[in-house]
Amino acid sequence: MALYKTFSYSVEVQYKSRLLSKATLFTVTTTILTVILPFIVAYRGRGFWLKSSYFYEQPLVHSTYDYLLIAETDDPSVNIICGDAAALEEEVIDEENCVEIQIQEDDINEDGKNDILKFKYNIIVPKNRFISSIILILGIDFQIKNVCPLQMQSLAVITKEFSGLPSGYKYYGNLEIYQNQQLPCLRNILDISHNSSLFYHEGDNSKNIVDFILEEYLGRDVTTIANPMFSRTQNGQTGTMELSITLRISEMEFRYTPSIIQELKWAWPQYLSLLFIFHWLFERIRKFVFRNRLLMAWEIIPWRKRD
Ligand SMILES: *[C@@H]1O[C@H](CO)[C@@H](O)[C@H](O)[C@H]1NC(C)=O
């Protein structure tokens, strides 16, 4: 009749030696190696310590109603400047040529966040002139709430040069996030370091206002950009120009610096799984060394003691 193992226990064989001996030194060294080697291997393997992480979130986006629209005509002395920005002095604005402005915010899936922003501008084109290029700067209020709370005043900039005689321009694009640096990400602390409007600037009249705004904006670590998907120009000499801008807002990827807890949560399993292997390996080596009496130590075997 075959026998099956129903129960077992291990017998402990002890090896004893003095504090200052080769055997003690060997044990201490292998113990240190067991602890340190997994760390070195994990670290050399890269990705042990996260330098950045990312999350996805659909931001809460509103128009700030600030805008600046500059349309250049074929005559360099005739430019149409429209705007509702404090940076513009009253006398610069062409009240008579900027007629109609419509801003519409749509929350299609009704989750409390705007999914589409629509802007419509109508310009009256001076007689016998046509528009050769436009630059439109739109003010955006941008917020994220979940992982790294942030509120900032950003821009969507749309530029277009025309070759024919345009009477309309339709633009469809995405609002996207562009980061030079990862978000510092302090949980539960709203980051408002970029929450100042770029349209309010004082003094410095030496500089062109558009250049000023764009340079200031480019210096930021986090910006939003309008990324075109499709656009269409309508031609015809109608005496007006209609601009229609549709910006879609979807989930965006944000890079940020992870917290220490998150780093540990990531690093600990990597360390532990390697520690397991090294522990097993060094146990084998120790067993081999002591069993074969390669180092001087007293062997204490339980059943021999009883004799
Ligand atoms: C950020 O700026 C906007 C516009 O200036 C302002 O309405 C809002 O209160 C600011 N947010 C914070 C938290 O200060």
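Colleague: Does Gln102 count as buried or exposed?

Modeller: Start with the rule. A residue is buried if 20 or more other C-beta atoms lie within 10 Å of its own, exposed if 12 or fewer, and partly exposed in between, with C-beta atoms placed from the backbone. Gln102 counts as exposed, because it has 10 C-beta neighbours inside 10 Å. A caution: this is a predicted model, where local features need pLDDT of at least 70 and side-chain atom pairs count only at pLDDT 80 or more, while totals for chains, interfaces and linings use all residues. Residues are numbered from 1 along each chain as its sequence is written.

Colleague: In which strand is Gln102 found?

Modeller: Helices (H or I, at least four residues) and strands (E, at least two) are DSSP runs, numbered from the N terminus. Gln102 sits in strand E5. Gln102 and Lys118 are 16 residues apart in sequence, and their C-alpha atoms are 7.8 Å apart in space.

Colleague: How many helices and strands are in the chain?

Modeller: The chain has four helices and 13 strands. The C-alpha trace spans about 120 × 55 × 35 Å along its principal axes.

Colleague: What share of the residues of the chain count as buried?

Modeller: Of the 307 residues, 19% do. Now contacts: two residues are in contact if their C-beta atoms, placed from the backbone, lie within 7 Å. Among contacts with a separation of 6 or more, 79% come from residues 24 or more positions apart.

Colleague: Which residues touch the most other members of the largest nonpolar core?

Modeller: A nonpolar core is a set of buried Ala, Val, Leu, Ile, Met, Phe, Trp, Tyr and Cys residues joined through C-beta atoms within 7 Å. The largest one holds 44 residues, and Leu69, Leu136, Leu138 and Ala156 touch the most other members. Strand E7 (residues 131-144) gives the most to this core, with eight residues. Take Leu136: leaving out residues up to four places away in sequence, Leu136 touches Tyr67, Leu69, Ile158 and Leu243.

Colleague: Where is Tyr65 found?

Modeller: Tyr65 lies in strand E3, residues 60-73. Look at its backbone: phi is positive, about 70°, although Tyr65 is not a glycine. Tyr65 is exposed, with 12 other C-beta atoms within 10 Å. Glu110, also not a glycine, has a positive phi near 55°. Glu110 is in the loop between strand E5 (98-106) and strand E6 (116-124). Glu110 is exposed, with 7 other C-beta atoms within 10 Å.

Colleague: Which residues does the UniProt annotation "transmembrane region" cover?

Modeller: First, UniProt positions are given in the numbering used here, feature names are shortened, and annotations may be inferred rather than shown by experiment. The unreviewed UniProt entry places this region at residues 20-43. Over residues 20-43 the model is 92% helix and 0% strand, with the end C-alpha atoms 33 Å apart.
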